[in-house]
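Me: I have a model open and want to learn how to read it. Can you take me through a few features?

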Amino acid sequence: MTGGSTPKDPAPKDRASRTASGAQTAIRLGTRASRLAVAQSQDIADRLAKVSGRPVELVTVTSEGDTNRASLASLGGTGVFASALREALVAHEVDVLVHSLKDLPTAPYPGLTIGAVPKRADARDVLVARNGATVETLPEGATVGTGSPRRAAQLRADRPDLDVVDIRGNIDTRLARVEDDLDAIVLAAAGLGRIGRLDAATELLDLGFWPSAPGQGALAVEIRADEDDRNLLAALRKIEHAPTRLTVTAEREILAKLEAGCSAPIGATAVIDAEMLLVSATVYSPDGSEYRTASHAAMLDGSAQDRLDEALSVAGRVADELLENGAAELADLPATSGPGTDEPDTGHTAGPGLATPAE
Ligand SMILES: NCc1[nH]cc(CCC(=O)O)c1CC(=O)O
């Protein structure tokens, strides 16, 4: 190397939490522009600012899922919302992303990792109906909107007389349909709560009969896998909620094992009760006429890693039992092989099971 006398401006790959002059560097949080995305991003930004002592600035990133009016299914898969954000993260344009965990594909994304899973909000779905109706009191043949095959199957399982209508759009758009042309819609309690509209709910749907999407109500804070900003890493550890990480890991493992996308007709619920992890999942036929449920439990002890391994193992048993009972055929999932033919994790990155819209 021939020593140049005037060093160029160093352009470090990773920014330190302070500049050379001692000023604090802002943490840049990439977000979609939707009301829900901004609400949950701002919530995490506020918490990160508090625990890191640094400013956190929101950077809006537009994705195809936001601009394309076509049905999400035609956009070719899960993660349509996440991909533009993830590209910005990989390119060092932002430092953290906040995702709704249930919209995030289970396959790992090269170069990125989930830096924190904060405490989960309500995992339940809610009914928003005219005249304060509940599922039970909806009039015969009432129209109920949802874009989720799981919710459609659950509604049909309970009330075969209902007219389930496929709807799209953000939460405000969907709420407006109840004023407009529908008798009711089904939404996530967490999303409604985050935009301050939980008052619109006319019934909270019990997870026992209405298990919600794996990871529903939880957020994932994504960072670069090689992030070396120690202040940021410490801040993420402070907003991490270990029981949530554990339960959503179990729920998402079932989705991965069934090779299902985020809108497959699958509900999953994991809870921790007095150090006991209970994991159960239900897979529906699209018309709701049939379903399979499996549940397993285990005591949790040992290190955080032991507990995560146990969660994965319990979830694996749930998935295996569902497959043994024909869940893949029932819901038309690609994972028709059943237990015992575990291939190296190749099936999760592509295939028809992933080419499905977000809920
Ligand atoms: N795909 C839409 C979506 N993604 C995340 C939420 C909010 C709930 C959550 O964060 O789990 C919603 C709205 C809904 O399902 O009603």
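Me: Which residue stands opposite V96 in β3?

Reply: Keep in mind that this is a predicted model. Sheet strands pair through backbone hydrogen bonds, in parallel or antiparallel fashion. Here L29 faces V96 of β3. Strands β1 (residues 27-31) and β3 (residues 96-100) run parallel, paired over 2 bridges.

Me: What is the strand order in the open sheet?

Reply: The order is β2-β1-β3-β10-β4, 5 strands with mixed pairing. β2 (56-60) and β4 (112-116) are the edges; each has a single partner strand, so one side of each lacks a neighbour in the sheet. On average, neighbouring strands are turned by 35° against each other, direction ignored.

Me: Which strands does helix α1 touch?

Reply: α1 (residues 35-52) packs on the sheet against β1, β2, β3 and β10 (219-224). Its direction makes about 165° with that of β1.

Me: How do α8 and α9 cross?

Reply: Look at axis distance, angle and hand. The axes of α8 and α9 (residues 304-324) come within 8 Å and cross at roughly 35°. The crossing is right-handed. Contact residues include L246 and I254 in α8, and L308 and L312 in α9. That contact comprises 12 nonpolar, 2 polar and 3 charged residues.

Me: Where is C262, in terms of the elements around it?

Reply: C262 lies in the loop between α8 (242-257) and β11 (266-273). An unreviewed UniProt entry lists C262 as "modified residue: S-(dipyrrolylmethanemethyl)cysteine".

Me: Is C262 buried or exposed?

Reply: Count C-beta neighbours; 20 or more within 10 Å means buried. C262 has 27 inside 10 Å, so C262 counts as buried.

Notes:
Residues numbered from 1 in each chain as written. Predicted model: local features only at pLDDT ≥ 70, side-chain atom pairs only at ≥ 80, totals over all residues. UniProt positions renumbered as here; feature names shortened; annotations may be inferred. Helix = DSSP H or I, 4+ residues; strand = E, 2+ residues; numbered from the N terminus. Buried ≥ 20, exposed ≤ 12 C-beta atoms within 10 Å, placed from the backbone. Axes fitted to C-alpha atoms, helices over the stretch in contact; angles between N-to-C directions. Left-handed = near helix turned anticlockwise from the far one by under 90°. Contact = placed C-beta atoms within 7 Å. Nonpolar A, V, L, I, M, F, W, Y, C, P; charged D, E, K, R; others polar. Pairing = 2+ DSSP bridges.
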